[in-house]
Amino acid sequence: QGTESNPTVLVAEKLGEAGLEFLRSFANVDCSYNLSHEELCAKIALCDALIVRSGTKVTREVFKSSAGRLRVVGRAGVGIDNVDLGAATEYGCLVVNAPTANTIAAAEHSISLLGAMARNIAQANASLKQGKWMRSKYVGVSLIGKTIAVMGFGKVGSELARRAKGLGMHVISHDPYASADHARAIGVDLVPFDEAIATADFISLHMPLTPATSKILNDQCFSMMKKGVRIVNVARGAVIDEDALVRALDSGIVAQAALDVFTLEPPLADNKLVLHEKVTVTPHLGASTVEAQEGVAIEIAEAVVGALKGELASTA
Ligand code: MLT
């Protein structure tokens, strides 16, 4: 059941073995994956800490159901938009994340999607597997010399920028919080939001989901873009107004999109973006490399244990 000196940690989504081992050296570890919200609320009253990825919504009800026992929520990843931070504060619960271990994985996935989208890899692969040999249908566009707008110049955005520079792209970025020195060191021009979206041939999204960024790409924003722009999103689905993106793809403003994230995950079977022939999709794989998941598991295990020992402050 866990005690003050031997607490119980509920791991509600798959976590790498090295992280679990570290947790077990300090706590009882209950790995219960695929819990319904009701099952999570029922279990949480017996737990001192909870570890989740992005698939679990840690709602006010979860904090309430813990009846004051839950002391730490660990988010095995960067984005903490699936945790009700207001409720966490109210119920005196720390929220910690793993801010660094999956940075490279997310940047590499963005670059992979960028190339796959520009060269129609997913569509051509599906077509050839159906026995078709359609070379002229899948003529792509080149990346060299094109302008890419990196929207959000944090850890992932700046790693993506370095890689895009390596591909010979002209990189601009918008981020109200970015340091001009850091951008200059990488060779990136920081520009206002409107200029970034209006001048880019490619747009790659790397901002967190907050009230200010929710649906930041909307009809009005698409209408300002260059006709034929291509968009990559490995950040959060809800930073795009998905219906507006469907309209922009159908009108030709947006030539193609590559999406790793969706407002509702998993998306419904009839999701228009998933089914759209101009859209390349992956199921939220940005952080899913062997190396990143090992790193994230250790990073979050250390943060949760540190918080349970009273050594860490909340990252929220
Ligand atoms: C993150 O926020 O770290 C990523 O979206 C990865 C994940 O949720 O697993």
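1. Helices and strands here are DSSP runs, at least four residues (H or I) for a helix and at least two (E) for a strand, numbered from the N terminus. On that count, Ala67 sits in the loop between helix 3 (60–65) and strand 4 (72–75). The model is a predicted one. Ala67 is not a glycine, yet its phi is positive, about 50°. Ala67 has 11 other C-beta atoms within 10 Å, and the limit for exposed is 12 or fewer, so Ala67 is exposed.

2. Lys215 also deserves a look. Its phi is near 50°, a positive value in a residue other than glycine. Lys215 lies in the loop between strand 9 (202–205) and helix 10. With 16 C-beta neighbours inside 10 Å, Lys215 counts as partly exposed.

3. Check the cis peptide. The bond from Glu265 to Pro266 is cis, and its omega is near -10°. Pro266 belongs to the loop between strand 11 (254–259) and helix 12 (272–275).

4. Next, a helix pair. The axes of helix 1 (residues 17–24) and helix 13 (residues 290–308) come within 7 Å and cross at roughly 20°. Angles under 35 degrees count as roughly parallel, and therefore helix 1 and helix 13 are roughly parallel to each other. The crossing of helix 1 past helix 13 is right-handed.

5. The contact itself can be listed. Helix 1 brings Ala18, Gly19, Phe22 and Leu23. Helix 13 answers with Glu294, Ala297, Ile298, Ile300, Ala301, Glu302 and Val305. By class, the residues of this contact are eight nonpolar, one polar and two charged.

6. Now the ligand. Around it are Arg53, Ser54, Gly77, Val78, Gly79, Asn102, Gly286 and Ala287. This shell holds two nonpolar, five polar and one charged residues.

7. Asp219 is in helix 10 (residues 219–224). It is partly exposed, with 14 other C-beta atoms within 10 Å. Neighbours within four places in sequence aside, Asp219 is in contact with Asp241, Ala244 and Arg247. Gly157 is 62 residues away from Asp219 along the chain, and 24 Å separate their C-alpha atoms.

8. Glu108 is in helix 5 (residues 103–118). Is Glu108 buried or partly exposed? Its count is 18 C-beta neighbours inside 10 Å, while buried needs 20 or more, so Glu108 counts as partly exposed. Glu108 and Cys93 are 15 residues apart along the chain, with their C-alpha atoms separated by 34 Å.

Terms used:
Residues are numbered from 1 along each chain as its sequence is written. This is a predicted model: local features need pLDDT of at least 70, side-chain atom pairs count only at pLDDT 80 or more; totals for chains, interfaces and linings use all residues. Two residues are in contact if their C-beta atoms, placed from the backbone, lie within 7 Å. A residue is near a molecule or strand if its C-beta atom, placed from the backbone, lies within 6 Å of it. Ala, Val, Leu, Ile, Met, Phe, Trp, Tyr, Cys and Pro count as nonpolar, Asp, Glu, Lys and Arg as charged, and the others, Gly among them, as polar. Axes are lines fitted to C-alpha atoms, for helices over the stretch in contact, and angles run from 0 to 180 degrees between N-to-C directions. Angles under 35 degrees count as roughly parallel, over 145 as roughly antiparallel, 65 to 115 as roughly perpendicular and the rest as oblique. A crossing is left-handed if the near helix is turned anticlockwise from the far one by less than a right angle, and right-handed if clockwise.
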